[in-house]
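Dear colleague,

I am passing on the structure we spoke about, with the sequence alongside, so that you can follow the notes below with both in view.

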Amino acid sequence: MSEVLDKLYEIILQRLEKMPENSYTAELVKKGKGYIARKVGEEAVETIVASLYEGRDRFISEAADLMYHLWVLMAVEGVKPEELYAELKRRMK
Ligand SMILES: N=c1c2ncn([C@@H]3O[C@H](COP(=O)(O)OP(=O)(O)OP(=O)(O)O)[C@@H](O)[C@H]3O)c2ncn1[C@@H]1O[C@H](COP(=O)(O)O)[C@@H](O)[C@H]1O
């Protein structure tokens, strides 16, 4: 459905499996689901602030941070992108 998001999810799963030293994803996962969930909230707030006050480029950057952290949380939850796509498709009118 989305090549980039699917690829990102694959890479995140690889990091979860291998937990390499220099990986931000591995660091997030070590801190636990609660920490990752809070990061999603923090990035959402930063996206809101960027949208209201910081301009288009900052908005794109913060929205990308938000998507990445949401994708890590999905991986930790064991929810695949296809499941999210299916839910969105189900809602389509
Ligand atoms: N898409 C991303 C991505 N987006 C944002 N970030 C990181 O998310 C963080 C967001 O910035 P913040 O200021 O909120 O966080 P911080 O202060 O760095 O970290 P905290 O101490 O607050 O957790 C930055 O450190 C970014 O580097 C990402 N880190 C990794 N990826 C992708 O994830 C894949 C795996 O990366 P690694 O796990 O690092 O190998 C790679 O293919 C990357 O493309």
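Ala26 counts as buried because its relative accessibility is 0%, and the residue has its place in helix α2. The C-alpha atom of Ala26 is separated by 10 Å from that of Leu13, a residue 13 places away along the chain. Please keep in mind, here and in everything that follows, that this is a predicted model, and that each value was computed from it.

As for the chain as a whole, its secondary structure comes to five helices and zero strands, so that, read along the sequence, the pattern is α-α-α-α-α. The C-alpha trace spans about 40 × 35 × 25 Å along its principal axes, and of the 93 residues in the protein chain 24% count as buried.

The ligand site

Which residues are the closest to the ligand? The ligand is surrounded by 13 residues, and the closest of these are Ser23, Thr25, Tyr35, Lys39 and Glu43. Sorted by class, the shell is made up of five nonpolar, three polar and five charged residues. Helices α1 (3-18), α2 (24-31), α3 (33-54) and α4 (56-77) each contribute at least two residues to this shell, and the largest share, four residues, is that of α3.

In the side chain of Ser23, an N or O atom is 2.5 Å from a ligand oxygen, while for the side chain of Thr25 the corresponding distance is 2.6 Å. A polar side-chain atom of Lys39 likewise lies 2.6 Å from an oxygen atom of the ligand. On its own the ligand has 830 Å² of accessible area, of which the protein covers 57%.

Lys39 is placed in helix α3, and, because its relative accessibility is 11%, it counts as buried. The side chain of Lys39 is joined to that of Glu42 by a polar contact of 3.2 Å. As a general point, an α-helix has 3.6 residues a turn, so residues three or four places apart point the same way.

The nonpolar core

How many residues make up the largest nonpolar core? This core has 12 residues, namely Tyr9, Ile12, Leu28, Ile36, Val40, Tyr68, Trp71, Val72, Leu73, Met74, Ala75 and Tyr85. At least two of its residues come from each of α1, α3 and α4, and α4 gives the most, with six residues. In soluble globular proteins, nonpolar side chains tend to be buried together.

Two further residues of helix α4

Glu62, which is found in helix α4, has a relative accessibility of 4% and therefore counts as buried. A polar contact of 2.7 Å joins the side chain of Glu62 to the side chain of Arg58. Ile60 also lies in helix α4, but at 46% relative accessibility Ile60 counts as partly exposed. The C-alpha atoms of Ile60 and Thr47 are 8.3 Å apart, although 13 residues separate the two along the chain.

Helix α1 and the residue after it

The positive phi is worth noting, as Met19 is not a glycine. Most residues other than glycine have a negative phi. Met19 has a relative accessibility of 29%, which means that this residue counts as partly exposed.

If you go through the model yourself, you might begin with the ligand site, where Ser23, Thr25 and Lys39 each place a side-chain atom within reach of the distances given above, namely 2.5 Å for Ser23, 2.6 Å for Thr25 and 2.6 Å for Lys39.

With best wishes

How values were computed. Residues numbered from 1 in each chain as written. Predicted model: local features only at pLDDT ≥ 70, side-chain atom pairs only at ≥ 80, totals over all residues. Heavy atoms only, no water. Near = heavy atom within 4 Å. Polar contact = N/O pair within 3.5 Å; in protein donor to acceptor, adjacent residues only side chain to side chain. Areas by Shrake-Rupley, 256 points an atom, 1.4 Å probe, with all protein chains shown as cover. Nonpolar A, V, L, I, M, F, W, Y, C, P; charged D, E, K, R; others polar. Core = buried A, V, L, I, M, F, W, Y, C linked by side-chain atoms within 4.5 Å. Buried < 20%, exposed > 50% of the residue type's maximum accessible area, 1.4 Å probe, protein only.
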